[in-house]
Amino acid sequence: MPNNKRSINSPAVLARKKRETRAAETDEQREARLRTNRERQSLARLSEPDEQREARLSTDRERRSRARSSETDEQREARLRTNRESQSLARSSETDEQREARLRTNRECQSRARSSGTDEQREARLRTNRECQSRVRSSETDEHREARLGTMRVMGARSRRTTELNLCALHYDADINYSTHPSVAIGIMDVLCNYCGAFKFKNEAPGMCCARGKVKLPALHAPPEPLSTLVAGDTSISKHFLTNIRRYIVFPNDFIWGNERREG
Ligand SMILES: [Zn+2]
């Protein structure tokens, strides 16, 4: 009996069952399974410690480089083509915010990697880039070459235009996406001060909100009546007041005299 049980749950049997289940699943089921996996993974990664993240990435890198060192030219070409296709598919459906976030993450990653490297690593990186570039270019068709040079011309013009921010407020150009300029893209306000709980941007100095906990403001007094009841939000009058609060601030007589003011 125990032997039987072991054979039922043996890794080989489980793997075969998994293969069978997956072979029978519809496209939607497959997509749902992969989506759930991605969500679970990204949730798990949010809370993983730095060392664990580093170890995971280094294992990934080793596995990848092992697999790549044994692939044939055709396999390499097929892999790169699949990558390019899935990348361009993903990018064609991303929103402006997603694009901005992706580029920001790339920039941060790149600048982190570059600032922490030694001179030899930097030299090796530049050499690999040059080799990779010349390999790609030696195999490109005339159309690819033309398309690449066209893209480079557009990017060059765009970066030349966006790097000149001096007085650009006086020469606004609707074709320029100013929000991607490194001096403008300051990230989101998601850095929490450990002392006062204020949200700040990542490059703001640690002491700028409360001087590292030295400034402690007294708590605000509760507002007097009838304001206290009006801002509590738990009566119908209070809800009406909060919904129309701008009108009561701009036209306080309406509040005092109960005037009905009609739009227009
Ligand atoms: Zn603070």
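1. Let's start with helix α3. None of its residues count as buried: the number is zero out of 20, so α3 lies largely in the open. Keep in mind as you look around that this is a predicted model.

2. How far apart should the ends of α3 be? The helix covers residues 27-46, and at 1.5 Å a residue its 20 residues should span 28 Å. The end C-alpha atoms of α3 sit 29 Å apart, which agrees with that expectation.

3. Now try helix α4, residues 50-69. Its 20 residues should span 28 Å, again at 1.5 Å a residue, and the end C-alpha atoms are 28 Å apart, so the check works out here too. As for cover, α4 has hardly any, with a buried count of zero among its 20 residues.

4. Step back to the whole protein chain. What share of its 264 residues is buried? The answer is 0%. A residue needs 20 or more other C-beta atoms within 10 Å of its own to be called buried.

5. How is the chain put together? It has twelve helices and two strands. Among contacts with a separation of 6 or more, 8% are between residues 24 or more positions apart.

6. The loop between β2 and α9 deserves a slow look, and A211 is one of the residues in it. The phi of A211 is positive, about 50°, even though A211 is not a glycine.

7. R212 has 14 other C-beta atoms within 10 Å and is partly exposed.

8. One last stop is P226, found in the loop between β2 (199-200) and α9 (227-232). Is the peptide bond from E225 to P226 cis or trans? It is cis, with omega near 5°. For background, most peptide bonds are trans.

Technical notes: Residues numbered from 1 in each chain as written. Predicted model: local features only at pLDDT ≥ 70, side-chain atom pairs only at ≥ 80, totals over all residues. Helix = DSSP H or I, 4+ residues; strand = E, 2+ residues; numbered from the N terminus. Expected span 1.5 Å × (residues − 1). Buried ≥ 20, exposed ≤ 12 C-beta atoms within 10 Å, placed from the backbone. Contact = placed C-beta atoms within 7 Å.
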